[in-house]
Amino acid sequence: MTTSPSPLQKVLGRWRRFSEALDLLQPAAALAARIHVGQVFFLSGLTKLRDWDITVALFTEEYRVPLLSPALAAFMGTAGELVLPVLLVLGLAGRFSALGLFVVNAVAVISLSEIAPAALQQHIFWGALLAGLAIYGPGAWSLDRWLAPRIMRG
């Protein structure tokens, strides 16, 4: 004699199927996060390149990165904002690029003497996305995932 599932078992079975469906969305969610954050930082880097004198002036007067000269801080920040987002979007060295952009984001927040609440909320959001990508990795739809088995075979 077979027994029918209890109401709790039915609910748990439905929840399991729902969770499995959500799991299927993880690669797309990771890619969307990589694209969103990558675009934000890449466009910021392009803006800095458009007028280098203004960029250095901003790092001299407003951004005031500790321990670095304004010119070096401007160069490093701009390079990070141009190279790391490309790596992040491709998912190549995904955790490294997420951590690098996390540092760029944190330095931007720390070095600004005044930051508008809305801007701070954006930086917190970007930081949370970057932390998630660093912790969980760039996802299944990344060059890291595709290249790792080929490199390990060696």
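A crossing of two helices is called left-handed if the near helix is turned anticlockwise from the far one by less than a right angle. The questions below concern a predicted model.

Q: What handedness does the crossing of α5 and α6 have?
A: The crossing of α5 and α6 is left-handed.

Q: Why are α5 and α6 called roughly antiparallel?
A: Helix α5, residues 94-111, packs against helix α6, residues 117-136, at an angle of about 155 degrees. Angles over 145 degrees count as roughly antiparallel. The two helices, α5 and α6, are therefore described as roughly antiparallel to each other. Their axes lie 8 Å apart.

Q: Which residues of α5 and α6 meet?
A: On the α5 side, the residues are Arg95, Ala98, Leu99, Leu101, Phe102, Asn105, Ala108 and Val109. On the α6 side, they are Leu120, His123, Trp126, Gly127, Leu130, Ala131, Leu133, Ala134, Ile135 and Tyr136. By class, this contact of α5 with α6 comprises 14 nonpolar, three polar and one charged residue.

Q: How do you know that the span of α4 is close to the one expected?
A: Helix α4, residues 70-90, contains 21 residues, and at 1.5 Å a residue a span of 30 Å is expected. From its first C-alpha to its last, α4 reaches 30 Å, close to that expectation. Just after α4, Gly91 has a positive phi of about 70 degrees.

Q: Which residues of α4 are called buried, and what covers them?
A: Buried means under 20% relative accessible area. In α4 the buried residues are Ala73, Ala74, Gly77, Thr78, Gly80, Glu81, Leu82, Leu84, Pro85 and Leu88. Their cover includes α2, α3, α5 and α6.

Q: What is Val56 in contact with, apart from its neighbours within four places in sequence?
A: Contact means heavy atoms within 4.5 Å. With those neighbours left aside, Val56 is in contact with Pro70, Ala71 and Ala74. Val56 itself belongs to helix α3.

Q: How far apart are Val56 and Leu43 in sequence and in space?
A: In sequence, Val56 and Leu43 are 13 residues apart, and in space 17 Å separates their C-alpha atoms.

Conventions. Residues are numbered from 1 along each chain as its sequence is written. This is a predicted model: local features need pLDDT of at least 70, side-chain atom pairs count only at pLDDT 80 or more; totals for chains, interfaces and linings use all residues. Side-chain values use heavy atoms; hydrogens and water are left out. Axes are lines fitted to C-alpha atoms, for helices over the stretch in contact, and angles run from 0 to 180 degrees between N-to-C directions. Helices (H or I, at least four residues) and strands (E, at least two) are DSSP runs, numbered from the N terminus. Angles under 35 degrees count as roughly parallel, over 145 as roughly antiparallel, 65 to 115 as roughly perpendicular and the rest as oblique. Ala, Val, Leu, Ile, Met, Phe, Trp, Tyr, Cys and Pro count as nonpolar, Asp, Glu, Lys and Arg as charged, and the others, Gly among them, as polar. The expected span of a helix is 1.5 Å times one less than its number of residues. Buried means under 20% relative accessible area, exposed over 50%, partly exposed in between (1.4 Å probe, protein chains only).
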